[in-house]
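Welcome! Take a look at the structure, try each task, and then read on.

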Amino acid sequence: MLNTKRILWVTLFSCTLLATIGGGMAAAAAGGEIRIGFTPPITGASASEGSFQIKAIKLALKEINAAGGVNGKQINLIMVDNQSSNPGALAALQKAVEQEKVLALIGVVKSTQVLAASDAIKGYGIPTFIGGTNVTLTRQGNPWLFRVRPDDSITALAMIKYIKEDLKLSKVGVLHDSDAFGTGGGDLVETYAKEYGLTVVRREKYTTKDKDYTAQLLSVKNAGAEILIAYSTNPEDAAVIQRQYRQLGSPFKFLGSPAHQHRDALNLARDAAEGIFAIADFVPGQTEANRKYAEDYKKEYNEEYDGLSAWTYDGLKILVNAIKKAGEDRAKIQEAILATQGYQGVLGTFSFTPNGDGLHEVSVVQIEKGTPKLLKILNVGTK
Amino acid sequence: MDWPTNLQMLTAGLAMGSIYALVALGFVLIFNAVGVVNFAQGEFVMVPAFVAVWLMDMLKIPFGLIYLITVIFMGIFGIVFQRVAYYPLRNRTFLPVIISTIGVSIFLRNGAQVVFGAEPLLMHRPTPPNVLKITGVFVDPQYIVIIVCTLALLAFQYFFFEKTSLGKKMQATAQDKEMARLLGIRVATMIAITFAYSSILGAAAGILIGPIFYVTKEMGGLLGLKAFCSSIVGGFGSVPGAVLGGIFLGIVEVFAAYYISSAYRDAFAFIMLILVLLFRPQGFFGEKIAQKA
């Protein structure tokens with residue numbers, strides 16, 4: 001089973017490779033090509049995510065080349081499998097740079113793989129787009145990493161800003177998963193709350209997959225919280241929390257992490273989710289660029305796009321725009337990417353900071369009739 | 001003291017404890033009957049939950065009928081389980097049987113994912129979703145249903161084991177298989193019935209918690225572990241021990257999470273386990289049994 005699947009993938013992969021190389025060669029005859037590397041997970045645990053990333057980036061590639069490519073040259077996208085692993089990500093990077101001689105890279109989405117490949121990327125000095133959301137990735141002094149998704153700190157900051165400026169509340173209770181994502185989020189919420197003059201009256205934790213939150217919710221209520229920030233990792237847990245919050249008589253307002261507006265959570269919580277606030281990376285159909293992407297994607301693949309993979313589309317577009325301005329010089333491309341301000345992408349408006357963070361906005365949504373309704377796109381500015 | 005808060009937590013603790021008690025009872029009955037811990041006991045909760053959800057989606061029939069079908073299904077499931085996982089190994093030591101139950105548990109989890117998918121499912125509630133407010137305490141009606149059903153099941157079980165001939169035969173088998181066989185009791189049949197009954201207890205737990213837990217392939221894992229702790233805290237092999245151990249653990253968890261630390265909520269069950277094993281290894285209700293030669 002695994003073998004046939006693998007063979008299928010390899011065949012598919014080889015075909016796409018041949019097709020792109022073939023296409024590239026034809027173009028090369030006309031006016032040359034620009035080789036760009038892409039290292040998605042084609043095999044291994046994340047293979048299904050990888051297939052969505054490939055679909056997203058190929059749509060961008062098709063549009064770019066159909067519009068005449070860059071400065072008269074076609075883009076040749078070289079895909080190298082990262083095998084869903086850290087060593088694989090590093091090996092894929094090396095192969096792309098040393099054998100395939102690519103000019104720039106669309107890298108990986110897993111933070112741990114970004115960290116594994118980071119030193120090598122710095123060593124090569126090659127512009128690389130990443131989708132990992134761990135805050136530290138762009139703060140480790142590597143000028144070649146460009147993040148095209150909102151990092152984890154933006155969610156926390158947006159929560160605090162929204163509570164202070166829009167809801168005008170001051171006493172905050174925090175409930176978070178005790179895993180790395182939840183604890184990290186809880187820490188950031190506490191830090192920003194202090195910075196913005198809000199009081200965290202109570203901070204409670206839970207273990208992933210807990211089923212009874214009575215103790216935590218009551219403790220938050222009795223501490224006098226006006227609003228609860230629920231920093232959950234999993235949609236299932238989020239749904240249970242929402243329901244028990246509702247059953248305690250909704251004693252405070254509720255603002256959740258993205259898991260709280262996830263489709264799975266809303267399907268489970270149903271009525272209990274009505275009226276709660278949550279943060280979303282983006283709301284489908286909120287901008288012109290987003291709507292167009294949804295349509296084009298549907299036309300191309302006859303299915304809905306995957307929200308977690310659209311960053312490869314935005315990444316390649318931003319990279320190509322930078323190459324248009326800077327030519328084929330890595331240092332100049334780096335400058336051009338950092339100079340990108342106000343670019344309207346699928347995921348939102350990109351404005352790069354010197355750190356290499358492109359997105360600084362998330363959406364505040366409220367659950368209405370089982371779907372997240374956009375209240376506000378919150379740009380937390382460039383920190 | 002903050003009475004509404006404490007009462008509220010007591011209700012939640014009692015409800016969770018009742019579920020632990022049901023699953024722990026399943027452990028104990030099978031252990032008494034065949035001397036083996038059934039590590040698939042948690043899956044005995046997960047399977048009926050999936051079956052009930054599936055039935056609810058497929059057939060538009062009243063809740064009662066769905067529960068009845070699920071219970072009958074789980075009775076048969078218990079007998080098949082016994083036939084597959086225990087019976088062929090009955091003359092071996094306990095180790096192969098334990099490994100076999102672990103194997104079945106892994107098979108069931110992954111089987112559930114293949115058949116029902118990885119997404120958590122919603123089980124419809126027989127009770128209204130709105131909470132009842134009783135003297136300042138918010139109570140989920142489902143919690144009350146859980147507590148009442150557990151009490152009813154325990155009463156039934158007491159009557160069954162103490163007053164009926166079949167129950168007495170099952171008890172005799174659990175106490176001494178050799179002697180029971182000499183008295184003309186069909187030991188193999190009694191064991192099969194015990195498995196069926198354990199499995200039905202799982203069905204009760206699955207149906208009761210399905211609406212508040214959501215149904216996932218992993219739902220039996222932690223539940224099975226906590227129930228196992230409960231039965232050891234109560235005194236492994238003791239029926240009242242399993243019930244009281246479960247309820248005790250459920251209540252301790254909630255109160256410890258509120259008054260001590262919510263981060264270590266799940267740890268308290270296991271801390272209790274270690275304390276009991278250190279200071280009262282026979283459990284609260286277990287009798288000290290000298291090792292038989």
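**Exercise 1. Into which domains is chain A divided?**

Solution. A few words on the model come before the steps. This is a predicted model, in which local features need pLDDT of at least 70 and side-chain atom pairs count only at pLDDT 80 or more, while totals for chains, interfaces and linings use all residues. Residues are numbered from 1 along each chain as its sequence is written, and chains are lettered from A and ligands numbered from 1 in the order in which they are written.

Step 1: chain A splits into domain 1 (2–150 + 286–352) and domain 2 (153–280 + 362–379); such bounds come from an automatic or database domain assignment.
Step 2: the C-alpha centres of domain 1 and domain 2 of chain A are 33 Å apart.

**Exercise 2. Describe the overall build of chain A and of chain B.**

Solution. Step 1: list the elements, where helices (H or I, at least four residues) and strands (E, at least two) are DSSP runs numbered from the N terminus. Chain A has 12 helices and 14 strands, and chain B has 11 helices and 2 strands. Read from the N terminus, the elements of chain B follow the order α-α-α-α-β-β-α-α-α-α-α-α-α.

Step 1: Chain B has 19 Å, in agreement with the value near 19 Å for a compact globule of 293 residues.

Step 2: look at the boxes. Along the principal axes, the C-alpha atoms of chain A fill roughly 70 × 45 × 35 Å, and the C-alpha trace of chain B spans about 60 × 50 × 35 Å.

Step 3: turn to burial. A residue is buried if 20 or more other C-beta atoms lie within 10 Å of its own, exposed if 12 or fewer, and partly exposed in between, with C-beta atoms placed from the backbone. Buried residues make up 53% of the 383 residues in chain A and 47% of the 293 residues in chain B.

**Exercise 3. How many residues does each chain bring to the contact between chain B and chain A?**

Solution. Step 1: two residues are in contact if their C-beta atoms, placed from the backbone, lie within 7 Å. Chain B brings 25 residues and chain A brings 25 residues.
Step 1: on the side of chain B that touches chain A, α1, α10 (239–259) and α11 (265–279) of chain B each supply at least two residues. With 5 residues, α1(B) gives the most to this side.
Step 2: sort the residues of that side into 15 nonpolar, 4 polar and 6 charged. Here Ala, Val, Leu, Ile, Met, Phe, Trp, Tyr, Cys and Pro count as nonpolar, Asp, Glu, Lys and Arg as charged, and the others, Gly among them, as polar.

**Exercise 4. Is S84(A) buried or exposed, and is N302(A) buried or exposed?**

Solution. Step 1: most residues other than glycine have a negative phi, and most peptide bonds are trans.
Step 1: S84(A) is not a glycine, yet has a positive phi of about 60°. Its place is the loop between β2 (74–79) and α3 (86–99) of chain A. S84(A) is buried, because 20 other C-beta atoms lie within 10 Å.
Step 2: N302(A) also has a positive phi, near 55°, and sits in the loop between α10 (288–301) and α11 (311–326) of chain A. N302(A) counts as exposed, because it has 7 C-beta neighbours inside 10 Å.

Methods: The radius of gyration is taken over C-alpha atoms; the globule rule is 2.2 Å times the number of residues to the power 0.38.
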